[in-house]
Amino acid sequence: MNKAILICFLFASIVSNAQKHNREQAPEQIMKTHSNQLRIEHRIDSLLGIMTLEEKIGQMNQYSGFWDATGPTPQEGDQAAAKYEDLKNGLVGSMLNVKGVSQIKALQKIAVEETRLGIPLIFGFDVIHGYKTISPIPLAESASWDLVAIKKSAQNAAEEAAASGINWTFAPMVDISRDARWGRVMEGAGEDPYLGSKIGVARVEGFQGDNLASRKTIAACAKHFAAYGFVESGREYNTVDIGTSTVYNVVFPPFKAVTEVGVRTFMNAFNLLNDIPATGNEFLQRDVLKNEWNFNGFVVSDWGSIGEMETHGYAKNLKQSAELAIKAGSDMDMESSAYVKELVNLVAEGKVEEHLVDDAVKRILRVKFELGLFEDPYRYCNEEYEKKVVGKKEFHEDALDMAKKSIVLLKNENNLLPLKKEQQKIAVIGALASDKTSPLGNWVLAGENGSAISVLEGLKQYKGNSIKYAKGADVALPDSKLNFTQELDVNESDTSGFSEAIALAKKSDVVVMVLGEHGLQSGEARSRTNIDLPGVQQELLETIYKVNKNIVLVLTNGRPLAITWASENIPAIVEAWQLGVQSGNAIAQVLYGDYNPSGKLPMTFPRSVGQVPIYYNNKRTGRPNVEIRKEVFKSRYIDETNEPLYPFGFGLSYTMFSYEHIKINKTSKRNIKVSVELTNTGTIKGKEVVQLYIHDKYGSIVRPLKELKGFELVELEAKETKTIEFTLTEKELGFYTNKGEFVVEPGAFNVFVGGSSNTTLSGEFSIE
Ligand code: NOJ
């Protein structure tokens with residue numbers, strides 16, 4: 001590219017980026033941001049002009065926190081010594097996993113004061129659901145469908161992390177997944193690209209705010225680009241093999257949506273796409289992300305994923321891995337040391353053109369400038385401020401609010417819930433009921449084990465009843481290490497606590513059983529082939545049921561579980577996920593009716609693991625099953641129905657809602673208004689997530705039977721009615737072809753509105 005073209009390109013991308021940031025800003029503000037961006041570009045160019053090739057490559061190198069930065073410096077022979085030397089020599093541009101201002105300040109000081117150019121480091125951290133004040137796991141938050149609350153949760157996480165010196169989070173994970181066996185579903189927004197896009201945007205806006213240089217914001221990172229949520233058979237780090245249409249219509253939309261609101265970084269992925277590792281995938285990183293979507297932030301590799309291209313059998317050695325990764329558009333190398341070891345030679349040998357290095361470095365410097373690190377590298381390093389902000393009361397209040405909103409009521413027969421507040425003998429059973437760590441879920445790197453309010457503690461705050469606890473059985477063996485780098489030892493056989501639990505259940509009016517997954521049974525590297533209640537918990541549930549049928553089952557888990565027996569037998573079931581520090585308070589308020597639940601499932605719950613992957617937006621086969629007729633040569637199982645246990649979008653309330661009078665109004669050729677009357681038919685106030693789905697009946701590629709294209713969270717007083725209106729435009733009516741072109745095809749559509757994806761209230765329209 002010649003210089004004139006480069007300048008034009010640069011200017012175009014600055015302008016487009018500024019536009020993305022400023023869709024709602026006043027003209028003066030837009031001008032100010034533009035000139036600020038231009039100033040930044042100018043400063044990047046001047047800095048780049050004085051950097052050696054080694055220094056440039058150093059910016060592209062990221063190491064994990066490798067020694068106590070405030071203790072003695074590593075000596076030769078220490079594992080950390082070489083990396084420490086790299087840091088002092090300006091060969092490190094970023095660090096991750098460094099916790100707290102004092103550590104961060106010490107490392108920043110080395111970068112700023114001991115290296116030739118003093119370029120500040122950017123500190124990344126997995127702030128996945130809160131920093132120290134752990135909020136509900138992302139899948140749980142997604143069940144709220146409450147974009148305001150989700151944005152606030154990310155905003156608080158950013159404020160807290162930034163106060164602790166962090167500049168950048170490796171979140172949000174916007175991978176769509178349909179496979180509950182994959183442990184990382186806990187970290188995403190579930191199975192739907194529309195909901196996933198809205199939630200991804202809310203999280204990015206929450207983390208980044210509208211000024212990255214503010215002390216309260218951090219850069220976000222859309223990960224894992226791309227298709228990591230489709231690892232075959234749900235096995236972690238496995239191969240991905242999916243069709244082009246799924247890539248364009250399911251995988252890409254959330255990534256594209258967050259790019260449109262200016263997410264500053266991307267992380268690539270461990271998996272293959274079309275047999276090319278995502279890290280070395282030029283189509284993904286250059287063609288789509290950087291060229292088509294005009295992304296001008298930087299791409300970080302996933303941990304060691306550049307080096308892993310050799311293990312995949314894509315590169316013959318680390319050197320070729322580095323070459324393939326930079327050519328494909330991976331800008332920063334997380335922990336492979338491939339760039340820092342190999343790029344100088346690759347450039348010298350003419351295998352990698354230096355302008356590729358320049359482009360990567362510019363992207364990294366751009367984000368550092370935007371964060372204000374050049375103005376003051378220590379701007380996020382104030383210990384007094386850190387003390388004041390980290391763990392503050394307001395974060396806990398918001399975490400409680402978010403936790404309540406995340407709970408999904410799955411079943412409530414005979415109005416067993418809410419619990420009566422007086423004169424009840426309540427048995428609380430299950431190790432997870434008293435667990436103060438599991439409710440935090442996975443990805444708790446700065447939070448503390450034991451920092452959650454347990455369900456038992458929450459329930460005990462209601463003094464009118466007698467609350468007695470019996471563990472029944474451990475989920476994990478008590479000596480299990482509570483460390484996410486170690487495998488959990490699951491209790492598969494110890495039932496010695498059953499008798500105590502049986503005795504307690506027998507003399508109680510109601511039994512609250514808290515069962516599910518230990519906090520470390522979902523998350524990275526936690527794939528399961530069996531998604532039932534782990535260990536001896538199913539046996540415990542059935543045993544207690546024999547002596548007392550008044551059971552409220554509170555599920556705490558990081559993925560959909562196949563709880564078919566429970567769903568058929570237990571009268572009340574509450575999906576409480578892993579709700580973070582305020583878990584027990586939130587659950588108690590819901591069980592006692594002080595909070596009326598309104599969560600809806602962001603992922604389908606299967607009847608059995610054999611149905612997985614199972615998702616609502618599937619396509620009709622040539623031989624659709626007709627359940628009532630049980631014909632042989634149909635798309636069905638011989639031992640199970642096709643239906644899920646609980647569909648996507650499902651969730652009950654303590655009140656009831658009715659949907660009536662769907663109206664369709666075509667205001668122009670491709671602008672359709674759909675309205676419905678929603679009534680709260682119960683006796684108390686409640687919230688409902690009104691969902692709109694479409695079905696494009698015929699197309700040049702087959703379209704899903706239902707696709708979510710709108711939703712609204714509505715609060716209604718008892719007996720109140722409200723008309724809810726949605727607008728469908730080309731954006732909602734179109735789709736991507738297998739060539740990646742967005743098209744809107746004339747034809748007939750069904751539209752459905754209701755309180756879950758299995759709603760049947762429908763209408764029809766067509767477009768020209
Ligand atoms: C590997 C994970 O896949 C990624 O999501 C995470 O951000 C990095 N490790 C850093 O911890």
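Reader: With which residue does Arg 184 form a salt bridge, and how far apart are the closest N and O atoms?

Author: The model considered here is predicted. In it, Arg 184 forms a salt bridge with Glu 524, and their closest N and O atoms are 3.7 Å apart. The pair counts as a salt bridge because the cut-off between the side-chain nitrogen and the carboxyl oxygen is 4 Å.

Reader: Into which domains is the protein divided?

Author: The assignment gives domain 1 (3-387), domain 2 (408-594) and domain 3 (657-767). Domain 1 contributes 30 residues to its contact with domain 2, which in turn contributes 27 residues. The centres of domain 1 and domain 2, taken over C-alpha atoms, are separated by 37 Å.

Reader: Is Arg 528 buried or exposed?

Author: The cut-off for a buried residue is under 20% relative accessible area. Arg 528 therefore counts as buried, at 15% relative accessibility. Its place is in the loop between strand S14 (510-516) and helix H20 (537-547).

Reader: Which polar partners does the side chain of Arg 528 reach?

Author: One is the side chain of Glu 517, in a polar contact of 2.7 Å. Another is the backbone oxygen of Asn 530, at 2.9 Å. Beyond four places in sequence, the residues in contact with Arg 528 include Arg 181, Leu 533, Pro 534 and Arg 559. Arg 181 is 347 residues away in sequence, yet its C-alpha lies 5.0 Å from that of Arg 528.

Reader: Where does Arg 286 lie, and what does it touch?

Author: Arg 286 belongs to helix H10 (residues 282-292). Its relative accessible area is 14%, so Arg 286 is buried. A polar atom of the Arg 286 side chain lies 2.7 Å from the backbone oxygen of Lys 327. Leaving out residues up to four places away in sequence, Arg 286 touches Ile 326, Ala 328, Leu 356 and Asp 359, among others.

Reader: Which residues does the annotation "domain: Fibronectin type III-like" cover?

Author: According to the unreviewed UniProt entry, that annotation covers residues 688-757. In the model, this span is 6% helix and 56% strand, and its end C-alpha atoms lie 14 Å apart.

How values were computed. Residues numbered from 1 in each chain as written. Predicted model: local features only at pLDDT ≥ 70, side-chain atom pairs only at ≥ 80, totals over all residues. Heavy atoms only, no water. Helix = DSSP H or I, 4+ residues; strand = E, 2+ residues; numbered from the N terminus. Buried < 20%, exposed > 50% of the residue type's maximum accessible area, 1.4 Å probe, protein only. Contact = heavy atoms within 4.5 Å. Polar contact = N/O pair within 3.5 Å; in protein donor to acceptor, adjacent residues only side chain to side chain. UniProt positions renumbered as here; feature names shortened; annotations may be inferred. Domains from an automatic or database assignment.
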